[in-house]
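Me: Can we go through the charged pairs in this one? Keep it short, please.

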Amino acid sequence: MKRDETMQKEQKPFSWKDEIISWIKIIATAAVIAFVLNNFIIANSRVPSGSMEKTIMTGDRVIGSRLSYYFSDPQRDDVVIFHFPDDPTGKTYYVKRIIGLPGDTVDIRDGKVYLNNSETPLDEPYLPEPMEPEEEAHFTVPEDSYFMLGDNRNFSADARRWNHKYVKKNKIIAKVLFRYYPSIKKIQ
């Protein structure tokens with residue numbers, strides 16, 4: 001008897017309605033998974049300028065982890081995706097490197113970055129070329145905020161040039177993990 005019921009289920013006639021409903025379920029499930037991934041787990045961004053060259057080139061696409069800072073704080077040298085602080089709509093995303101942490105003092109003089117009154121400049125092996133000397137600058141990073149600079153300092157519209165110099169922690173979207181277009185490269 002059970003075998004006859006199984007045979008009848010297997011021989012059920014084709015139905016366009018059932019087929020369409022099946023495809024709708026698959027597409028809806030995929031859309032929900034993509035929504036959850038993109039809004040809670042990963043961030044996808046395109047870098048439109050050369051401000052992070054040679055680490056990330058103009059036009060590269062990067063993936064970041066939204067989960068990175070749920071369990072720990074952002075660290076110096078992390079490359080992050082964040083809401084540009086001078087955009088009141090909050091729709092502009094930037095990708096830069098964290099240089100100053102909450103409470104840090106950042107001094108820029110003679111084309112070098114100095115942290116917390118150190119006489120030794122910050123070691124920055126990721127810079128493609130030395131920073132051209134410009135007017136000396138001093139920044140004190142507020143609590144719950146970060147100071148960001150591009151790796152390509154001579155061509156970067158970064159915190160040195162912004163009206164609002166610091167990025168609040170809650171405006172940091174993700175830690176950049178890797179570039180996936182035009183080729184895969186881990187970001188350090």
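**Salt bridges**

Reply: Start with Asp-151. Its relative accessibility is 0%, so Asp-151 counts as buried. Keep in mind that this is a predicted model.

Me: Which side chain does Asp-151 meet in a salt bridge?

Reply: Arg-97. The N to O distance is 2.7 Å.

Me: Is Arg-97 buried or exposed?

Reply: Buried. Arg-97 has 1% relative accessibility, and the cut-off for buried is under 20%.

Me: What does the pair of Asp-151 and Arg-97 tie together?

Reply: Parts that are 54 residues apart in sequence. Asp-151 lies in the loop between strand 8 (145-149) and strand 9 (167-168), while Arg-97 is in strand 4 (residues 93-100).

Me: New topic. How many salt bridges does the structure hold?

Reply: The structure holds 9.

Me: Which side chain meets Arg-160 in a salt bridge?

Reply: Glu-134, at 3.4 Å, N to O. The two are 26 residues apart: Arg-160 is in the loop between strand 8 and strand 9, and Glu-134 is in the loop between strand 6 (112-115) and strand 7 (137-140).

Me: And how do Arg-160 and Glu-134 count, buried or partly exposed?

Reply: Arg-160 counts as buried at 9% relative accessibility. Glu-134 is partly exposed at 29%.

Me: What is the N to O distance between Glu-134 and Arg-161?

Reply: It is 3.1 Å, in a salt bridge between their side chains. This pair also links distant parts of the chain, 27 residues apart. Arg-161 is partly exposed, with 46% relative accessibility.

Me: Which residues do shared partners join into one network?

Reply: Glu-134, Asp-158, Arg-160 and Arg-161, through salt bridges.

Terms used. Residues numbered from 1 in each chain as written. Predicted model: local features only at pLDDT ≥ 70, side-chain atom pairs only at ≥ 80, totals over all residues. Heavy atoms only, no water. Salt bridge = Lys/Arg side-chain N within 4 Å of Asp/Glu carboxyl O. Helix = DSSP H or I, 4+ residues; strand = E, 2+ residues; numbered from the N terminus. Buried < 20%, exposed > 50% of the residue type's maximum accessible area, 1.4 Å probe, protein only.
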